[in-house]
Amino acid sequence: MSTNTVDNTRKVTTRRLVEMKHRGEKISMLTAYDYSSAKLIDEAGMDVILVGDSASNVMAGNITTLPITLDQMIYHAKSVMKGVKRALVVVDLPFGSYQGNSKEALASAIRIMKESHAEAVKLEGGAEIKESVERILSAGIPVMGHLGLTPQSINKFGTYNVRAKEKEEAEKLIADARLLEEIGCFAIVLEKIPAELATQVAQELTIPIIGIGAGGGVDGQVLVMHDMLGINKGFSPRFLRRYANLSTVITEAVQHYISDVKSGDFPSTQEQY
Ligand code: KIV
């Protein structure tokens, strides 16, 4: 196989993602929270599946990612793992399971790895969570960082607006990214920051930088499945490209079914025993 051909059968590992960056192959990443979607996404050839704490919003209907618990994340991760053969599966450590106490952070990460069999964890933040990241890494658990707009800190930011537009915040983001690489993270998600800043980080660091609302100069892209499939109608930030309009497809199919039930058209004689 030539080095330019995408191998859709070989298992994706953290090491392979770094190799992809070095040969200029972009990394695809998408969220999944359940067995059936994860199976479809994996079979379609996705490189990384993120069991994101966005499950708090799109699965549980919460306004923020803060309420989701470690037990709930493990439930989602276990379901996803049953459907995935090839993609690397990364699981978000939820709010309150790692900040401020590195022993608790390690215990949370170990529970995810042991109970779900996922392959890596993702944590939001830079210098302030250094000790937690280091302790998790020391147990041999791969860590993906997450900088820029970090939704678990929404109450500190007060808005979901673009981050790091000002010099001081941009400098802190660059320093945090360098730190995460230095201590051993295998990749970093950069969320909703200026494209120029994200490109600069991706060019300087040797580990893959995956963007969401961070422009095209990074090493890969991640989106929330419900947003890109148009299941979630009310959310339309500039960075989001909709690849389907499933809310309309689902509503029309469900209305068709209701009308067939009401009219007696369903079931037909061929659909009974
Ligand atoms: O939880 C999530 O879905 C995420 C992505 C937005 C990167 O963290």
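## Strand 6 and its neighbours

Strand 6 and strand 7 (residues 209-212) run parallel and are joined by four bridges; strands here are DSSP runs of E with at least two residues, numbered from the N terminus, and helices are runs of H or I with at least four. L190 has G211 of strand 7 as its bridge partner. Strand 5 (residues 143-148) also pairs with strand 6 in the parallel sense, over five bridges, where pairing requires that DSSP finds at least two bridges between the strands. In that pairing H146 stands opposite V189.

Strand 6, helix 9 (residues 195-204) and strand 7 form a right-handed β-α-β unit: with the strands pointing away from the viewer, the path from the first strand over the helix to the second runs clockwise.

## Basis of the values

The model is predicted, with local features needing pLDDT of at least 70 and side-chain atom pairs pLDDT 80 or more, while totals for chains, interfaces and linings use all residues. Residues are numbered from 1 along each chain as its sequence is written, and side-chain values use heavy atoms, without hydrogens and water.

## Burial of strand 6

Five of the five residues of strand 6 (residues 187-191) are buried, so the strand is largely enclosed by the rest of the structure. Buried means under 20% relative accessible area, with a 1.4 Å probe and protein chains only. A187, V189 and E191 lie on one side, I188 and L190 on the other.

## Ligand surroundings

H146 and E191 are among the residues surrounding the ligand, as are D53, S54 and D92; the cut-off is a heavy atom within 4 Å. An N or O atom in the S54 side chain is 2.5 Å from a ligand oxygen atom.

Key
Buried means under 20% relative accessible area, exposed over 50%, partly exposed in between (1.4 Å probe, protein chains only). A polar contact is a pair of N or O atoms within 3.5 Å; within protein, one must be able to donate a hydrogen and the other to accept it, and residues adjacent in sequence count only if both atoms are side-chain atoms.
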